[in-house]
Amino acid sequence: MNHHPTRWELAGEGNRGYGAKFAQLVAEGSDVDGEARLADVLAPRGARILDVGSGMGRVAAALQARGHRVVAVEPDPALVEQSRRTYPDLEVLRSDILEADLSGLRASVDLAVLVGNVMVFVAEGTEQDVLRRVRQTLAPGGRVLVGFHTVDGPATARDYSPDEFAADATAAGLRVDHLFGSYELHPSSPDYAVWVLSRDEAPGAQTSFGHAL
């Protein structure tokens with residue numbers, strides 16, 4: 001499979017402030033668990049959770065501390081190293097989600113998490129591929145939590161309207177169940193979107209994907 005550089009990867013050192021910001025927040029004891037609290041509500045107890053683009057590990061570690069079985073996937077080597085330093089008990093698979101070996105997760109994930117602007121940093125033209133890949137991991141009844149700035153996000157991120165994302169999710173065989181404006185379930189917002197998706201089992205829903213899990 002050919003490697004497609006992500007928008008995050010193409011930015012190079014321009015994204016290093018992310019890790020430093022959250023390292024400071026963690027050191028100060030600040031609340032960095034907002035996304036994890038909602039994810040915990042969406043998942044059954046002791047769920048298998050896939051954290052795509054786990055960054056420096058804060059969401060995955062919070063979910064693991066709540067008793068979930070978490071698989072964290074992160075391609076940025078600097079963030080993987082930061083995650084391992086900050087949360088040494090959290091295992092992180094260093095890989096792009098489209099290249100990761102997820103053979104052990106097929107149809108077994110209760111909740112997939114793509115928060116912290118993951119979807120606006122994926123490689124150009126791979127949005128549906130990423131969502132299809134995630135869909136293949138979902139167990140029956142499994143869901144997906146997605147959150148990103150739709151406009152005016154980080155400098156290297158794309159603008160991604162709710163209509164565009166909904167169309168991509170549908171094409172990937174996912175159904176939009178809920179759209180909120182925050183992880184505290186505020187009404188939809190013009191600049192930030194939080195989605196809850198599930199597998200679309202309707203006849204004709206797209207399920208095929210060209211890369212093996």
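**Entry 1: helix α4.** I began with α4 and found that six of its eight residues are buried, so the helix is largely enclosed by the rest of the structure. I took buried to mean under 20% relative accessible area. I note that the model is a predicted one. The buried residues of α4 are Arg58, Val59, Ala60, Ala61, Ala62 and Leu63. Just after the helix, I looked up Gly67, which takes a positive phi of about 95°.

Entry 2: Strand β1 covers residues 48-52 and β2 covers residues 69-74; I found the two paired in the parallel sense, over five bridges. In this pairing I located Val52, which stands opposite Val73 of β2.

**Entry 3: from β2 to β3.** I followed the chain to β3, residues 92-94, which runs parallel to β2 and is joined to it by three bridges. I recorded Val92 of β3 as the bridge partner of Ala72. Helix α5, residues 77-86, makes a right-handed β-α-β unit with β2 and β3.

Entry 4: I turned to the second largest pocket, which holds about 160 Å³ of space. Its lining numbers 11 residues, and those closest to the centre are Thr6, Trp8, Glu9, Pro75 and Asp76. Sorting the lining by class, I noted five charged, three polar and three nonpolar residues.

Note on methods. Residues are numbered from 1 along each chain as its sequence is written. This is a predicted model: local features need pLDDT of at least 70, side-chain atom pairs count only at pLDDT 80 or more; totals for chains, interfaces and linings use all residues. Side-chain values use heavy atoms; hydrogens and water are left out. Two strands pair if DSSP finds at least two bridges between them. Helices (H or I, at least four residues) and strands (E, at least two) are DSSP runs, numbered from the N terminus. A crossover is right-handed if, with the strands pointing away from the viewer, the path from the first strand over the helix to the second runs clockwise. On a 1 Å grid over the protein atoms alone, a cavity is a set of points where a 1.4 Å probe fits but cannot get out, and a pocket is an open set with protein on both sides within 12 Å along at least five of seven lines; lining residues have an atom within 4 Å of a point. Grid points are joined across faces, edges and corners, and a volume is the space filled by probe spheres set on the points. Ala, Val, Leu, Ile, Met, Phe, Trp, Tyr, Cys and Pro count as nonpolar, Asp, Glu, Lys and Arg as charged, and the others, Gly among them, as polar. Buried means under 20% relative accessible area, exposed over 50%, partly exposed in between (1.4 Å probe, protein chains only).
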